[in-house]
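Here is a short briefing for a first look at a protein model. Keep the sequence and the 3D view open while reading.

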Amino acid sequence: MTSFINNGTSVSLIRLCLYAVAAALLLSDARLNAYSAPLQTDSSLQVLHWWTSDSERKAATLLANRLGDEGIAWRDAGIPGGAGIGAGKVLKSRVLAGNAPEVTQIIGISIREWDDLGFLLDLDKVSLANKWNASFFPTVQNLIQPRKHVVATPLGIHRINTLFYNRKIFAALKLNPPENWDELVATAAKLKAAGITPLAQSSEPWQVTALFENLILAESGPEYQRELFVKQSVPAALDHRLIDALERLRVMKTWMSNPVEERPWPEVVRQFSKHEAAMLIMGDWAKGELNGMGFATDDEFSCAAMPGTGKYHLYSVDTFSMFANDLTRVSAQEKLARLIATPAVQTDYNAIKGSVSVRRDADPSKMDSCARASWTTFAQGATVQAPSLVHRMATDESTRDAIIVLIHRYFTDDTVTAAQTQKRLAAIFHTFNINNHR
Ligand code: BGC
């Protein structure tokens with residue numbers, strides 16, 4: 001419970017109470033069903049997720065087909081909005097209306113928040129029978145088992161610190177993929193001199209903050225990134241590295257098309273694919289999208305790490321949880337949970353989605369160069385892994401949202417200084433810390 005109210009706002013408290021009431025209603029409903037009639041199993045599952053781009057839909061269709069092979073129908077509830085901005089809100093209102101989906105994409109710290117409220121189906125049996133603990137990377141295991149029980153099934157690991165570059169443009173200008181900030185600055189200057197927009201980017205708040213968290217990692221490494229976004233430490237917010245990252249964000253703005261339009265991420269990928277910008281910094285779902293558009297990896301484009309982050313993995317792990325509100329669905333829910341984590345589905349799904357397998361026994365030699373770099377880096381363990389703020393791996397939704405608003409404002413309004421933004425961030429952390437220790 002504490003994690004859910006750690007921003008201390010009364011809004012969160014009210015929400016918490018409403019969720020608890022809804023949870024009680026859902027559970028009592030399920031119990032009534034259980035006692036009043038012999039259990040009829042229902043073999044369809046409604047799945048709420050935020051995969052609405054072409055490649056995301058293709059990946060979801062693969063899952064739906066494999067589920068169909070087991071005699072279970074996938075009822076799709078895809079909610080538009082990159083990074084789950086829309087889906088998170090729809091899920092909350094549906095739960096309050098007593099209309100929770102049987103399966104939902106909830107990721108990172110959100111799993112713990114929903115688990116604390118008692119909504120999620122316990123998947124311990126599936127986990128034990130399929131030896132999940134020994135099969136998954138420890139970071140993945142910790143995410144799906146935030147407290148005592150396993151309450152989610154993992155789909156794939158995305159690398160957020162991915163730099164995509166256009167091979168033809170780079171070859172024509174004799175450019176190498178930049179490996180650090182100075183090289184990135186020099187590359188951008190040469191591209192600009194050649195009349196090419198260096199970087200494709202949207203001003204959508206979460207996309208701006210994703211670029212910012214890449215800069216934080218490049219500046220400082222995973223330890224500082226955790227101090228800042230997981231611990232929300234005031235001294236970390238007041239550190240000069242924060243100012244440096246903010247200033248670099250402003251520099252990068254001059255490499256983007258002017259004005260920087262607020263566009264959904266698939267449009268930014270399209271801009272990059274049409275040679276309208278030479279580089280793109282985005283999670284590797286962009287690779288899935290590019291592949292789906294017919295651009296093979298290492299042909300038209302290649303991946304590198306965001307300059308300065310080659311050793312690190314800024315991750316977002318996709319997961320599904322099951323709502324424990326209808327006992328007739330449990331068998332189908334458990335089947336889906338098991339299916340998703342099997343080696344075959346992991347390989348096929350992740351190849352379309354752009355992410356990599358959550359399994360330690362995956363074979364990197366069968367992956368393309370982007371996926372291989374991502375998987376082998378992630379496999380090195382917690383010291384090189386950085387949990388993405390934007391994708392809910394680092395902190396709860398309210399804290400994340402407050403930081404996104406702050407960074408977006410700094411990015412869009414050039415009169416806001418880095419020092420002011422730093423002060424505001426420290427003030428936010430200060431308030432959160434007080435509430436956490438109450
Ligand atoms: C999810 C990805 C998704 C991306 C863009 C991330 O939060 O982990 O699966 O493709 O958002 O919406």
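Helix axes here are lines fitted to C-alpha atoms over the stretch in contact, and the angle between two axes runs from 0 to 180 degrees between N-to-C directions. The model is predicted.

**Helix H19**

- At the start of H19, Asp396 places a side-chain oxygen within 3.2 Å of the backbone nitrogen of Ser398.
- The buried residues of H19 include Glu397, Thr399 and Arg400. Ile403, Ile404, Leu406 and Ile407 are also among them. His408, Tyr410 and Phe411 complete the list.
- An α-helix has 3.6 residues a turn, so residues three or four places apart point the same way.
- The buried residues of H19 pack against helices H3 (85-96), H4 (109-116), H10 (205-220), H11 (222-229), H13 (240-253) and H20 (418-436).

**H19 against H10**

- Two packed helices are described by the angle between their axes and the distance between the axes.
- H10 and H19 pack at an angle of about 90°, and their axes are 9 Å apart. Angles of 65 to 115 degrees count as roughly perpendicular, so H10 is roughly perpendicular to H19.
- H10 brings Pro205, Trp206, Val208, Thr209 and Phe212 to this contact. H19 brings Ile404, Ile407, His408 and Phe411.
- By type, the residues of the contact of H10 with H19 are 7 nonpolar and 2 polar, with no charged.
- H10 has 16 residues, which should span 22 Å at 1.5 Å a residue. Its end C-alpha atoms are 23 Å apart, which agrees.
- H10 is mostly covered, with 13 of its 16 residues buried.
- Gly221 follows H10 and has a positive phi, near 90°.

**H19 against H20**

- H19 and H20 pack at an angle of about 170°, and their axes are 10 Å apart. An angle over 145 degrees counts as roughly antiparallel, so H19 is roughly antiparallel to H20.
- On the H19 side, the contact holds Thr399, Ala402, Ile403, Leu406, Ile407, Arg409 and Tyr410. On the H20 side are Ala418, Thr421, Arg424, Leu425, Ile428, Phe429 and Phe432.
- The residues of the contact of H19 with H20 divide into 10 nonpolar, 2 polar and 2 charged.

- Leu249 sits in helix H13. Its relative accessible area is 0%, so Leu249 is buried.
- Leaving out residues up to four places away in sequence, Leu249 touches Val208, Leu211, Phe212 and Leu215, along with Ile407, Tyr410 and Phe411.
- Leu249 and Asn133 are 116 residues apart in sequence, and their C-alpha atoms are 40 Å apart.
- Ser374 belongs to helix H18, residues 369-378. Its relative accessibility is 0%, so Ser374 counts as buried.
- Beyond its neighbours within four places in sequence, Ser374 is in contact with Arg159, Asp284, His313 and Val356.
- Leu48 is in strand E1, residues 44-49. Its relative accessible area is 1%, so Leu48 is buried.
- Setting aside neighbours within four places in sequence, the contacts of Leu48 include Ala77, Ile79, Ala87, Val90 and Leu91. Arg94, Pro101, Val103, Thr104 and Gln105 are also in contact with Leu48.
- Leu48 and Trp181 are 133 residues apart along the chain, with 39 Å between their C-alpha atoms.

**Backbone details in loops**

- Most residues other than glycine have a negative phi, and most peptide bonds are trans.
- The peptide bond from Asn258 to Pro259 is cis, with omega near 0°. Pro259 lies in the loop between H13 and helix H14 (265-273).
- His275 is not a glycine, yet has a positive phi of about 65°. This residue is in the loop between H14 and strand E7 (279-281). Its relative accessibility is 31%, so His275 counts as partly exposed.
- Asp298 is not a glycine either, and has a positive phi of about 70°. Asp298 is found in the loop between helix H15 (285-292) and strand E8 (301-305). With a relative accessible area of 36%, Asp298 is partly exposed.

Key: Residues are numbered from 1 along each chain as its sequence is written. This is a predicted model: local features need pLDDT of at least 70, side-chain atom pairs count only at pLDDT 80 or more; totals for chains, interfaces and linings use all residues. Side-chain values use heavy atoms; hydrogens and water are left out. Buried means under 20% relative accessible area, exposed over 50%, partly exposed in between (1.4 Å probe, protein chains only). Helices (H or I, at least four residues) and strands (E, at least two) are DSSP runs, numbered from the N terminus. Contact means heavy atoms within 4.5 Å. A polar contact is a pair of N or O atoms within 3.5 Å; within protein, one must be able to donate a hydrogen and the other to accept it, and residues adjacent in sequence count only if both atoms are side-chain atoms. Angles under 35 degrees count as roughly parallel, over 145 as roughly antiparallel, 65 to 115 as roughly perpendicular and the rest as oblique. Ala, Val, Leu, Ile, Met, Phe, Trp, Tyr, Cys and Pro count as nonpolar, Asp, Glu, Lys and Arg as charged, and the others, Gly among them, as polar. The expected span of a helix is 1.5 Å times one less than its number of residues.
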